[in-house]
Amino acid sequence: MIDTKRIRGDFPILARKENGQRLVYLDNAATSQKPRRVLDAIAHYYSEHNANVHRGAYALAVEATDAYEAARTAVSRFVNAWAREGVVFTRGTTEGINLVAGSWGRANVSRGDTVVVTAMDHHSNIVPWQILCQEKGATLRMVEITGDGRIDLADFGRALEAKPKLVAFPYVSNSLGTVNPAAQLTKLAHAAGAVTVVDGAQSSPHLRVDVRTIGCDFYAFSGHKMLAPMGSGALIAKPELLEAMPPYHGGGEMIERVWDDRSTWNKIPHKFEGGTPNVEAAVGLAVAIAYLEQLGLEHVAEHEQQLARVAVERLSQIEGITIYGPRDHRAGVVPFTYGDIHPHDLATILDRDGVCIRAGHHCTQPLMRRLGVAATARASFYIYNDVDDIESLVAAVRKAGELFRVLAS
Ligand code: 7TS
């Protein structure tokens, strides 16, 4: 079970008071807070071991390299990667997806080909494919969603009839909370001959992910949404795909030999890690993974689903609230609108009570168009949130409603 009281004590920022009140941080889909253990690991790394990696012969450089490569092993185990060589450190999900589009995509997608994404994808799993398709003269096909916020499987099937080269979708939607049937979608896409990319930005922090069970070809996630530092993350890929792919960033570390006019490439994954990497981020990510593993991802998922259920139930009792996304099988993301109150105004008013929620299109403009709204307010939960946070949210929303009623009268 998740002991939120004990967990809260591990997060220094949660001791902060906002206008004299307890900080109620409900924007975890955007980024998570960091436990002391991760902060200490970063300070320890810089205090004791800092050097550039893979280069030096001296002890510090060996220690820094060992810490960096140990983090790769930790990530590999965390997602059950095909091999640790199939773990490429990135700045996050966005960079991981751009790497696949810029390398695999450029090498394999040609004029007349189709790439499939979904209407619930984050811009970072749409725009790289738009850029690729525009450059290549390929077609980007967006799969529709159902009225209750799921991928429309009938439309997914129709999209596959075009025999797409690549199919990309989110495991968990950041704007709806939908948990998509990733293994089933991957199987269908593979049967149509496509390579699959799973956006794991909202799954790795919140549920047990096993890329081999999903069966996808590429899986990208961000560390900063799962207790780790900003600028951490990884792309997980089948090693044989990485072997065949051209490099993404040219520069130091990714080469084997450089002549005046050409170069040969380093072994994977280093072929895709040009330049000095963010060692601090990798070290912090490994510690964050250990923290989550200790709690148990199954318990994390259960805790957040429970909070989402309570939040949906309590918010639904307020007249004028509309909640988006599936009623069941929802991750800890609850998007809503409240009558005519603009979500930005709502979020600003809630901030006065120390309640941090997100308002906007959440980098999912195609989805917002389908929902028929310009923006939503969104509460998203993590391991340190509890029912008291939801009560604070509900009380602050009610208060905002009263304020707007007075202003409108
Ligand atoms: N994919 C999904 C599903 C996301 O939720 C996000 C970030 C990304 C990709 C991009 O991740 P990044 O770490 O590379 O930026 N989502 C959000 C959000 O919902 N609010 O702020 C960022």
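This is a predicted model: local features need pLDDT of at least 70, side-chain atom pairs count only at pLDDT 80 or more; totals for chains, interfaces and linings use all residues.
User: What volume does the largest pocket have?

Analyst: The largest pocket has a volume of about 420 Å³. On a 1 Å grid over the protein atoms alone, a pocket is an open set of points with protein on both sides within 12 Å along at least five of seven lines, whereas a cavity is a set where a 1.4 Å probe fits but cannot get out, and lining residues have an atom within 4 Å of a point. Grid points are joined across faces, edges and corners, and a volume is the space filled by probe spheres set on the points.

User: Which residues lie nearest its centre?

Analyst: Of the 27 residues that line the largest pocket, Ala-30, Thr-94, His-122, His-224 and Lys-225 lie nearest its centre.

User: Where does the largest pocket lie relative to the domains?

Analyst: The largest pocket lies between domain 1 (4-30 + 296-408) and domain 2 (40-293), because both give residues to its lining; the domain bounds come from an automatic or database domain assignment.

User: And which residues are nearest the centre of the second largest pocket?

Analyst: They are Phe-89, Thr-90, Glu-95, Pro-277 and Asn-278, from a lining of 21 residues, and the space in this second largest pocket is about 260 Å³.

User: How many cavities of 30 Å³ or more are there?

Analyst: The structure holds one cavity of 30 Å³ or more, and the largest cavity has a volume of about 40 Å³. Residues that line the largest cavity include Asn-28, Gln-202, His-206, Glu-304 and Phe-381.

User: Switching to helix 12, which residues are buried there?

Analyst: In helix 12 (residues 343-351), the buried ones (under 20% relative accessible area, with a 1.4 Å probe and protein chains only) are Pro-343, Leu-346, Ala-347, Ile-349 and Leu-350. They lie on the same side of helix 12, because they cover an arc of only 165 degrees around the axis, taken from the directions from the helix axis to the C-beta atoms.

User: What covers them?

Analyst: The cover of the buried residues of helix 12 includes strand 14 (333-338), strand 17 (376-380) and helix 14 (387-408), where contact means heavy atoms within 4.5 Å. Helices (H or I, at least four residues) and strands (E, at least two) are DSSP runs, numbered from the N terminus.

Terms used: Residues are numbered from 1 along each chain as its sequence is written. Side-chain values use heavy atoms; hydrogens and water are left out. Buried means under 20% relative accessible area, exposed over 50%, partly exposed in between (1.4 Å probe, protein chains only).
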